[in-house]
Amino acid sequence: CLLFKKRSDGQWNQISDNPGWDTNMEFRLSDISAMTQVPTGIVLNPEAFVFNVFGFDALPRNRKKREEVINWRLQKFFPVSGPFSHEYFVFKGNTVFSALIDEGILKAIESSFESGQVPLTYIGNTTALAMNGILGKQKGVHLLIEEEGNLLLLAVLNGTKPIFIRKIRFS
């Protein structure tokens, strides 16, 4: 995972590429408690997330109804057990990029920052940042490959709109 701090001009600076995660995905408080009291963000690698791409003929304009339809489709194709946090992004043409993360991971991160008295203002993931940041508004079909240890993430994008995404473990 990567750790970022927000500068006074609103931009983000990377301050660490390993802020102290041990194998149980827990922070060592000594690593974050020395940080100054400025807004801080953390970006996690794809390991912690479950990604899906869904296409819809149409989506309701009403936010609550749209969320119900997206969550229904998610449960239909990927039954989730346990408490997960679900974020999604709707692209032109009613394509939805869905990202799930275990609530326990989020609570552990938030708790670690809170106990270290470091303000946490952003939790993100490298995949979504790569789709938006690296490609910008480029047109055409792109292949995004993200490798982290024994995990490989492949994404096919049309511009920045995901068409296909898969995580593969190898040894």
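Two aromatic rings of Phe, Tyr or Trp count as a pair if their centres lie within 6.5 Å. I start there because this predicted model has four aromatic pairs by that rule.

Take Phe51 and Phe97. Their ring centres are 5.4 Å apart and the planes meet at 15 degrees, so this pair is stacked. Phe51 and Phe97 are both buried.

Phe97 also pairs with Phe89. That pair is stacked too, at 6.0 Å centre to centre and 20 degrees between the planes. Phe89 has 39% relative accessibility and therefore counts as partly exposed, while Phe97, at 2%, counts as buried. Ring pairs join Phe49, Phe51, Phe89 and Phe97 into a cluster.

One other ring to look at is that of Phe56: the charged end of Arg73 sits over it, 4.3 Å from the ring centre.

Now helix α3, residues 103–115. Which residues of α3 are buried? They are Ile105, Leu106, Ile109, Ser112 and Phe113. These cover an arc of only 135 degrees around the axis, which puts them on the same side of α3. The face turned away from that buried side carries the exposed residues Lys107 and Glu114.

Finally, the ends. At the N-terminal end, Asp102 caps α3, with a side-chain oxygen 2.6 Å from the backbone nitrogen of Gly104. Just after α3, Gln117 takes a positive phi of about 55 degrees.

Methods: Residues numbered from 1 in each chain as written. Predicted model: local features only at pLDDT ≥ 70, side-chain atom pairs only at ≥ 80, totals over all residues. Heavy atoms only, no water. Buried < 20%, exposed > 50% of the residue type's maximum accessible area, 1.4 Å probe, protein only. Helix = DSSP H or I, 4+ residues; strand = E, 2+ residues; numbered from the N terminus. Arc of directions from axis to C-beta. Polar contact = N/O pair within 3.5 Å; in protein donor to acceptor, adjacent residues only side chain to side chain. Phe/Tyr/Trp six-rings, centres within 6.5 Å; stacked < 30°, edge-to-face > 60°. Lys NZ or Arg CZ within 6 Å of the ring centre and 35° of its normal.
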